[in-house]
Amino acid sequence: PGSPALRVRDRWVIAVADAPKAPARRLTFTYPVLDAARRIVFLATGRDKADIVRDVLEGPVDPERRPAQGIRPAPGRLLFLLDEAAASKRSRARAPAGGP
């Protein structure tokens, strides 16, 4: 969140030297490379992810605060795989694909 990498459009990968979580120095894909993907999958597990999952899927769109909201794969699909705990704060229950 808040990283200058979120505004990079002329490169597919950027070096980040001050990420808030370890490893602080890393390479990060930019939105253009992620948006070119056929499928983007987010995997979230545990109750500690429930607030973030709710914010990303149901909150106001603010990619600076929740970078996952800025991913829009043009040719592909965006898929969220959540366990019950990570999905526990969602306000809208949805049946799994192929489910009832």
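**Entry 1: terms and the model**

Helices are DSSP runs of H or I with at least four residues, strands are DSSP runs of E with at least two, and both are numbered from the N terminus. I applied this to Thr30, which lies in the loop between β2 and α1.

I noted that this is a predicted model, in which local features need pLDDT of at least 70, side-chain atom pairs count only at pLDDT 80 or more, and totals for chains, interfaces and linings use all residues. Residues are numbered from 1 along each chain as its sequence is written, and side-chain values use heavy atoms, with hydrogens and water left out.

**Entry 2: the whole chain**

I looked up the secondary structure and found two helices and four strands. From the N terminus on, the order is β-β-α-β-α-β. I then looked up the box filled by the C-alpha atoms: roughly 45 × 30 × 25 Å along the principal axes.

Next came burial. A residue is buried under 20% relative accessible area, exposed over 50% and partly exposed in between, using a 1.4 Å probe and protein chains only. The chain has 100 residues, and 25% of them are buried. The exposed surface comes to about 7200 Å², with 57% of it from carbon and sulfur atoms. These areas come from the Shrake-Rupley method with a 1.4 Å probe; for residues, only the protein chains shown count as cover.

I also looked up contacts, meaning heavy atoms within 4.5 Å. Of the contacts with a separation of 6 or more, 60% join residues 24 or more positions apart.

**Entry 3: the largest pocket**

I put the definition down first. On a 1 Å grid over the protein atoms alone, a pocket is an open set of points with protein on both sides within 12 Å along at least five of seven lines, whereas a cavity is a set where a 1.4 Å probe fits but cannot get out; lining residues have an atom within 4 Å of a point. Points are joined across faces, edges and corners, and the volume is the space filled by probe spheres set on them.

The volume of the largest pocket is about 1200 Å³. I counted 32 residues in its lining. Pro1, Arg26, Phe42, Pro67 and Ala68 lie nearest the centre.

Which elements supply at least two residues each to this lining? I found β2 (26–29), α1 (31–35), β3 (39–44), α2 (50–58) and β4 (77–82). β2 gives the most, with four residues.

By type, the lining splits into 22 nonpolar, four polar and six charged residues. Here Ala, Val, Leu, Ile, Met, Phe, Trp, Tyr, Cys and Pro are nonpolar; Asp, Glu, Lys and Arg are charged; the others, Gly among them, are polar.

I listed the buried residues of α2: Ala50, Val53, Asp55 and Val56. Their cover includes β3 and β4.

Gln69 sits in the loop between α2 and β4. Is Gln69 buried or exposed? Gln69 is buried, because its relative accessibility is 7%. Leaving aside neighbours within four places in sequence, Gln69 touches Asp55 and Val56, and also Gly59, Pro60, Val61, Asp62 and Pro63. A polar atom of the Gln69 side chain lies 3.1 Å from the backbone oxygen of Asp55.

I went back to Thr30. Thr30 counts as buried because its relative accessibility is 1%. Its contacts beyond four places in sequence are Ala5, Val8, Arg11, Trp12, Val13 and Ile14. Arg7 is 23 residues from Thr30 in sequence, with 8.3 Å between their C-alpha atoms.

I looked up Arg25 next, in the loop between β1 (13–16) and β2. Arg25 counts as exposed because its relative accessibility is 69%. Beyond four places in sequence, Arg25 contacts Val16 and Ala17. Arg25 and Ala15 are ten residues apart in sequence and 7.3 Å apart, C-alpha to C-alpha.

**Entry 4: the loop between β3 and α2**

I checked two residues here, Thr45 and Lys49. Thr45 has a relative accessible area of 47%, so it is partly exposed. Lys49, at 31%, is partly exposed.

Lys49 contacts Ala44 and Ala86.

I finished with two C-alpha separations.

Definitions and conventions
Polar contact = N/O pair within 3.5 Å; in protein donor to acceptor, adjacent residues only side chain to side chain.
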